[in-house]
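Here is a short note for a first look. Please read the points in order, with the chain open beside you.

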Amino acid sequence: MTIKETDSLDEMLIERRRELHRHPELAFEEKETTAKLKSWLTAASVTLADLPLETGVLGVIGGKKPGPVIALRTDIDALPIAEQTGLPFASEVPGKMHACGHDLHMTSMLGAALLLKERENELNGTVKIIFQPAEEIGEGARRVLETHLLDDAQAICGMHIMPGLPVGTVGIKSGPLMAGVDHFIIDLNGKGTHGAVPEQGDDLIVVSAQIISALQSIVSRNLSPLDQAVISTTRITAGNTWNVMPDHAQLEGTVRTFTEQTRGKIEQRMNELVTRIAGAFSVSGKVHYLRQGPPIVNNPQLADLAEEAARATGLKVVDPEPTTIGEDFAYYQKQMSSLFVFMGVSGNSGLHHADLVVDERAIGKSARFFAALAEQLLNKTE
Ligand code: NI
C-alpha cells in the first residue's frame, strides 16, 4: 500500500476507526478486532510476530539497517457501557462501547505503522508496534511482557486521547503523569451485641467512622503539601438490622499516588492507623493493601524527543495536568524507558462517558506524530 496523499491516509484511518467503533469488544475478547488489525497490517505487508496470546497483535517494521529496537503501544479493548452518542457509526453491540478512545489509539498506531512501512529501508533499527489487549482490567500489559517479545525493546511510547485538550495539541510531560492505582480492604472484627446494651460488646460502626476520618489525615498531615495523593473509602459493609451491633465490618477503597515513595508511606500509615485505632477500642483491625498498576513516570529524554516530533508534525505541545486515573502502560516502564502522551481530541464529554464524541482529525495527526517519534527514537537511542 502506498500513501501518496496525507488526506487519503486520514480518510482511510477514519473509516477504519468507525469500523472498529461499530464493533467494540471487551478485555480479552477482542477476537474480531484482532482479525481486522491483522488483515489491515498484512495488506500493507507489515510483518506480524507470532504473539502467543488469544487477542492482540504485534507488528514488526524495519530491521533492514542495524540499530535499536523501539516499541509503540496501543490498547484495543472497549467498555461495558451502552453508547448514547447517536452517531451513524455508533456501537452495534448492545451494552458495549469504545468509550475510552482505544479505537482512536488503534487507528493512530495503524497509521504510524503504514507510514513507517513506507520508510522501512531507511529506518535505523526496528519498530515493534504492540496492539495490546485488556487495558481496562489492568491485565494486558503484563500478559504482553510475559511473552518476552518486547525484551529487546529499549523504549516504548503510547498515547491516550484527552477530551479536554483541543485537536491539534498534544500533552507531553516529563516525570509523573498518571497515578499508581492501589486497592485496600480493611476488616474489623469484634464482639457483637444488642443495640440497647453496647457495653456488652464492641461497636464496629463507631470504630469504622474513626478509621475513615483518620485515613483522611494521611494526605493532609503525613505527606508534604507539595506531594499529591488521593485516598477514597468507597464502600462500607456492616450490620443487618436496626437493633444489633455487628461483629464484623469491612471498608474498601482506593489510593492513587505518583511516586513509589508516597505509595509506601501511605500503605505504612494506613496500617498504623487501622491497627492502633482498632487496638484502642479492643477490636481487631487488618488492612489488605493490594498494589495494582504503578504510576506512569515519563522519561525526560523521551519527552524532549516527543516535543521535537510534535513540532515537526505541526502539533502544538501543551503541559498536561497529571491525572489520578491509572493506566496499565505503566508496567512497561519497569523494563524499558517509556513515554505516554495525551492527544487532544476536542471531546464533548469525559472518558468512559456514554455520550463521548471526539474530533477524528486527531487520528491522522497522531499517526504522523508517532511515525516521526519512532524514527527519532531509532536515530537517538544508543
Ligand atoms: Ni483508556
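1. Start with the loop between α6 (260-280) and β13 (284-291), where S282 lies. Keep in mind that this is a predicted model.

2. Check the backbone at S282. Its phi is near 55°. That is a positive value in a residue other than glycine.

3. Is S282 buried or exposed? S282 has 61% relative accessibility, so it counts as exposed. The cut-off for exposed is over 50%.

4. Move on to S346. This serine sits in another loop, the one between β16 (337-344) and α8 (361-380). Phi of S346 is near 50°, again positive in a residue that is not glycine.

5. S346 has a relative accessibility of 35%, so it counts as partly exposed. The range for that class runs between the buried limit of 20% and the exposed limit of 50%.

6. Now the metal. Which protein atoms are the donors of the nickel ion? They are SG of C100, NE2 of H102 and NE2 of H160. These donors lie 2.1 to 2.2 Å from the nickel ion.

7. Look at the donors along the chain. Their spacing is C-x1-H-x57-H.

8. Why does C100 count as buried? Its relative accessibility is 6%, and buried means under 20%. H102 is buried too, because its relative accessible area is 0%.

Conventions. Residues are numbered from 1 along each chain as its sequence is written. This is a predicted model: local features need pLDDT of at least 70, side-chain atom pairs count only at pLDDT 80 or more; totals for chains, interfaces and linings use all residues. Side-chain values use heavy atoms; hydrogens and water are left out. Helices (H or I, at least four residues) and strands (E, at least two) are DSSP runs, numbered from the N terminus. Buried means under 20% relative accessible area, exposed over 50%, partly exposed in between (1.4 Å probe, protein chains only). Donors are N, O and S atoms within 2.8 Å of the metal (3.2 Å for Na, K and Ca); water is not among the atoms, so sites may look incomplete.
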